[in-house]
Structures are given as C-alpha cells and as structure tokens.
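I opened a new page for this chain. My plan is to go from one residue to the whole fold.

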Amino acid sequence: MTNMLACPSCGLDKTESIVHRGSYILRCAACGEMIVATSFMAMLDSDHQCSAFIDPGPGKRPSPEMLVARGPFRQIATAISAAASDGTLIRLISDVRD
Ligand SMILES: [Zn+2]
C-alpha cells in the first residue's frame with residue numbers, strides 16, 4: 001500500500017486505497033481519478049494492519065462510525081469483501097505503528 005504513483009489527470013501523488021467489489025483501486029485524493037486497479041485477491045496474503053471504512057468520497061476523511069473492520073488484512077478481508085460486494089466503495093487506511 002505505497003503511494004508512489006502520480007495521478008495522470010492532475011499530477012498529484014496523493015492516492016487513496018479503495019476496494020470496489022473484487023478490485024483494489026488507487027484513487028486520486030484531489031480529483032477522484034481511479035489510477036490503478038489490481039485484484040483484491042492479490043492483497044489477501046498480507047498481515048498489514050489497516051482499517052476499512054465506508055468511503056466518504058475523494059479527499060475526505062472517514063468518520064469513526066463508518067468503520068467496517070480493523071486489523072491484519074488477512075483477518076478483515078472477509079468483512080471487507082462482504083461490505084464491498086454490493087458495490088459500496090471501501091476505503092483502506094494503513095495503521096502504521098512504530
Ligand atoms: Zn488527480
């Protein structure tokens with residue numbers, strides 16, 4: 001979940017991680033352009049700590065009550081899949097702990 005790609009539309013390199021149905025998408029936080037999509041399944045073998053929220057829209061911070069699941073990715077993947085299965089956009093936010 002690194003943010004290394006610049007948006008082809010506006011050039012900003014601030015991206016948000018989104019799950020939409022079976023896809024993992026990077027979305028520009030400024031203009032909402034969907035940048036890269038890979039399979040959600042490619043993400044499953046990960047212990048990366050993250051929080052999943054119902055997506056509030058590009059550049060917006062999800063509120064705590066929008067939380068879907070939080071924990072190691074492989075443990076919350078099922079909950080994320082279930083929440084995303086009806087087309088709801090799910091925002092993934094890394095929980096970085098030192
Ligand atoms: Zn953009």
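Before I list any neighbours, I need one term: two residues are in contact if their C-beta atoms, placed from the backbone, lie within 7 Å. I also note that this is a predicted model.

**Entry 1: M34**

I looked up M34 and found it in strand β3. Which residues does M34 touch, leaving aside its neighbours within four places in sequence? I found contacts with I25 and R27. Next I checked G57, which is 23 residues from M34 in sequence. From C-alpha to C-alpha, M34 and G57 are 12 Å apart in space.

Is M34 buried, exposed or partly exposed? I counted 15 C-beta neighbours inside 10 Å. A buried residue needs 20 or more, and an exposed one has 12 or fewer. M34 is therefore partly exposed.

**Entry 2: the sheet**

I then traced the sheet. It is open and has six strands, in the order β3-β2-β1-β6-β4-β5, with antiparallel pairing. The edge strands are β3 (34–39) and β5 (67–72), and each pairs on one side only. Neighbouring strands are turned by 25° against each other on average, direction ignored.

I zoomed in on one pair. Strand β4, residues 49–54, pairs with β5 in the antiparallel sense over five bridges. What stands opposite Q49 in β5? I found P72 there. A reminder to myself: strands of a sheet pair through backbone hydrogen bonds, either parallel or antiparallel.

**Entry 3: the helix and the core**

Helix α1 covers residues 73–84. I saw that α1 lies across β1 (15–20), β4, β5 and β6 (89–94). The helix runs at about 160° to β5.

Next I looked up the largest nonpolar core. It has twelve residues, among them I18, C50, F53, V68, A77, I80 and L92. Which elements give two or more residues to this core? They are β1, β4, α1 and β6. Helix α1 gives the most, with four residues. In soluble globular proteins, nonpolar side chains tend to be buried together.

**Entry 4: the whole chain**

Last, I stepped back. I counted one helix and six strands in the protein chain. From the N terminus on, the elements run β-β-β-β-β-α-β. The radius of gyration is 13 Å, close to the 13 Å that the globule rule gives for 98 residues, so the chain is as compact as a globular protein of that length. The C-alpha trace spans about 35 × 30 × 25 Å along its principal axes. Buried residues make up 20% of the 98 residues.

Terms used:
Residues are numbered from 1 along each chain as its sequence is written. This is a predicted model: local features need pLDDT of at least 70, side-chain atom pairs count only at pLDDT 80 or more; totals for chains, interfaces and linings use all residues. Two strands pair if DSSP finds at least two bridges between them. Axes are lines fitted to C-alpha atoms, for helices over the stretch in contact, and angles run from 0 to 180 degrees between N-to-C directions. A nonpolar core is a set of buried Ala, Val, Leu, Ile, Met, Phe, Trp, Tyr and Cys residues joined through C-beta atoms within 7 Å. The radius of gyration is taken over C-alpha atoms; the globule rule is 2.2 Å times the number of residues to the power 0.38.
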